[in-house]
Amino acid sequence: MRFDTATTTLLRNVLDEVCQSISLRETGVRAHVASKILEAATKGEKTPDGLKQIGRAALSEAPTMWR
């Protein structure tokens, strides 16, 4: 699925906000969170709060070996 520029920007901003305490080198964690946010957006979730909630849940469930 392709997203318009505004949605892509929203998704990137949500990912950055949710992962602000995670090192950029922690690519496994960031990829996990990004995939969950993208999955939600593909299913129709487009609100910043909804996407952040999903991203935070994904962050908390990321395997500890990724952190």
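The accessible surface of the chain amounts to about 4,500 Å², with 52% of that area belonging to carbon and sulfur atoms (Shrake-Rupley method, 1.4 Å probe). The model is predicted: local features need pLDDT of at least 70 and side-chain atom pairs count only at pLDDT 80 or more, while totals for chains, interfaces and linings use all residues. Residues are numbered from 1 along each chain as its sequence is written, and side-chain values use heavy atoms, with hydrogens and water left out.

The chain contains 3 helices and 0 strands (DSSP runs of H or I, at least four residues, and of E, at least two). The radius of gyration, 11 Å, is close to the 11 Å given by the globule rule for 67 residues, so the chain is as compact as a globular protein of that length (C-alpha atoms; 2.2 Å times the number of residues to the power 0.38). The C-alpha trace spans about 35 × 20 × 20 Å along its principal axes.

Of the 67 residues, 31% are buried (under 20% relative accessible area, 1.4 Å probe, protein chains only).

Cys19 is in contact (heavy atoms within 4.5 Å) with Arg30 and Val33, leaving aside its neighbours within four places in sequence. Among contacts between residues at least 6 apart in sequence, 57% join residues at least 24 apart.

Technical notes. Buried < 20%, exposed > 50% of the residue type's maximum accessible area, 1.4 Å probe, protein only.
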